[in-house]
Amino acid sequence: MTPWLMAGLLFTPLAWAVLTLLVNFNRGRLISWLGILVQVVVSLGLWAAVAGDGGFHYQLGGWPAPLGIELRVDGLAVTFVLLTALVAAACGWHASIYLDPAKAWHRYFWPLFWFLWAGLNGVWLGGDLFNLYVGLELISLSAVGLVALGGESAALRAAIRYLMAALLGSLAYLLGVALIYGQFGSLSIAGVSRLLGEAGTAPGQTLPLLLMLFGLTLKTALFPMHGWLPPAHGIARSPVSALLSALVVKASFYIAARIWLDLGGYLGSYGLAQLIGGLGAMAVIWGSWRALWQAKLKQVVAYSSVAQIGYLFLLFPLTWGVAEPVSLQAQQGITLQIISHALAKAAMFLAAGNLIMSVGSNRVDALAGVSRFLPFSLFSFGLAGVSLMSLPPSGGFAAKWLLLQSSLASGQWWWLPVLLAGGLLSAAYVFRVYRASFMERAGTDRFFHPSRSLEVIPMILASLSLALGLVAEPVLSVMVLPFEEGGGQ
């Protein structure tokens, strides 16, 4: 069954992309509904297989590296495969109603959507540095195309800015990969880690790691390299913004985390770990502060993404040079943060799109009176905000609690104020939106009511983000399952 599951996850999305490229928006929507159902079933099947039998190391087509494609199918990978299926299905459902079929360029949403999904699955399952690069490039190019989908000049400017940042990040990463291959003769992350373990130390070999981490942090929009993110996420169509924030920026971080956990112990240093963690802490404060003062609703949510991404980079200091149980606790916290943020931020962007559609404006002050007319979408926005604020029983609370514990256990108490301040600032910008929606204004209110389906989708995602804290243990129990060398052949 394994070859069929791998083919379904990696190659079937490419087939859906080609099919939807040949038809109009409405026919592409029908094809995509079928494709989404297939992807969700296959993702559930792989997750269940790993949950029951453990992870495995798979060589696509039975060809060993370097000629073959090496796949690393462990608990973490299948967790993100399933998360992608869930979020992408919700965004695809929302887009099928939200986007206007009369606009000719909207037909390109579906092929770009499927190319993006294929790239994401390739990254989650990739086991060697070059094929991770291929998946990352497929994601970046698809995401740039989706940002430009609006067709306005502002959208094109944001897309070009995004493209330049993505290309610079890719070049830095690829140069680091070339240096790794030149030094070790292998592109397998597990293989390079094994060689480094045999060598014991690696003096003077930190440059490849620095280059790869620079490229990946640029793609993840880590402060102060975040300038491309708010324009791109703010101007894109709401289903696109949800995909970008929930999944796309997580892919580059996922690769950085994999490299750091496997190679950072040999090539990294305490100073580098603290520097990256410090930039993450600054991102939390700066992104939250900027979100608090944005005049446009989607810019509020976009700068919130900058802040929430910052938490992820606490992984670096909390896993370097610490006891294994503390490192594992930090990894679990970061995993829950990624899942919780993906669900909450997708819900928030989709709910924001509904509110903007209703009032006909992207400005926060234009929301006056909408609480009486569109309470369902507004409640979804707030419910997603609960997870960003890290209030119980949300997944955000469980994630921050694990990070707090690992900070204390590792003696790095200075991350605690960041965790607390980030939650308070998140509450401030969420309540600012709520305050605007409960204001009353003179004159006759004119609101457009979106389809009920458009309101149900963000509610489902926000509810899942809230409930994640209640089911964190079974999620984490699958996440920690390792892969077995040589398995899955």
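Okay, Trp105: at 39% relative accessibility it counts as partly exposed, because partly exposed is the band between buried, under 20% relative accessible area, and exposed, over 50%, with a 1.4 Å probe and protein chains only. Trp105 sits in the loop between α4 (75-98) and α5 (109-125); helices here are DSSP runs of H or I with at least four residues, numbered from the N terminus. Together with Val18, Leu21, Leu22 and Tyr108, Trp105 makes a nonpolar surface patch of about 500 Å². A patch takes residues with over 30% relative accessible area and no salt bridge, and nonpolar side chains (Val, Leu, Ile, Met, Phe, Trp, Tyr) are joined within 5 Å, like charges within 9 Å. Areas are Shrake-Rupley with a 1.4 Å probe, and for residues only the protein chains shown count as cover.

Quick word on what you're looking at. This is a predicted model, where local features need pLDDT of at least 70 and side-chain atom pairs count only at pLDDT 80 or more, while totals for chains, interfaces and linings use all residues. Residues are numbered from 1 along each chain as its sequence is written, and side-chain values use heavy atoms, with hydrogens and water left out. The mean pLDDT, the predictor's confidence in each residue from 0 to 100, is 89 for the protein chain, and 93% of its residues reach 70 or more. Watch residues 483-489, though: pLDDT stays under 50 there, and the model has 24 contacts for them beyond four places in sequence, a contact being heavy atoms within 4.5 Å.

Now the salt bridges, meaning a side-chain nitrogen of Lys or Arg within 4 Å of a carboxyl oxygen of Asp or Glu. The count comes to 7. One of them pairs Glu137 with Lys219, at 3.5 Å from N to O. That pair links distant parts of the chain, helix α6 (residues 129-147) and helix α9 (residues 207-220), 82 residues apart. Buried or exposed, this Glu137? Buried, at 14% relative accessibility, and Lys219 is buried too, at 7%.

Then there's Glu152 with Arg237, whose closest N and O atoms are 3.4 Å apart. Glu152 is in the loop between α6 and α7 (153-184) and Arg237 in the loop between α10 (229-235) and α11 (238-267), so the pair ties together parts that are 85 residues apart in sequence. Here Glu152 is partly exposed at 36%, whereas Arg237 is buried at 16%.

On to α17, residues 375-389. It has 15 residues and reaches 20 Å from its first C-alpha to its last, close to the 21 Å expected at 1.5 Å a residue; that expected span is 1.5 Å times one less than the number of residues. How many of its residues are buried? 12 of the 15, so to speak mostly covered, including Phe381, Leu383 and Met389. The buried residues pack against α13 (297-312), α15 (324-359), α16 (370-373), α18 (395-409), α19 (416-438) and α20 (452-467).

Ser390 is in the loop between α17 and α18 and counts as buried at 13% relative accessibility. In that loop you'll also find Pro393, joined to Pro392 by a cis peptide bond with omega about 5°.

Last stop, the loop between α9 and α10, which holds Ala221. Ala221 is not a glycine, yet has a positive phi of about 65°, and it is buried, with a relative accessible area of 0%. Pro224 is in the loop between α9 and α10, and a cis peptide bond joins Phe223 and Pro224, with omega about 5°.

Technical notes: Helix = DSSP H or I, 4+ residues; strand = E, 2+ residues; numbered from the N terminus.
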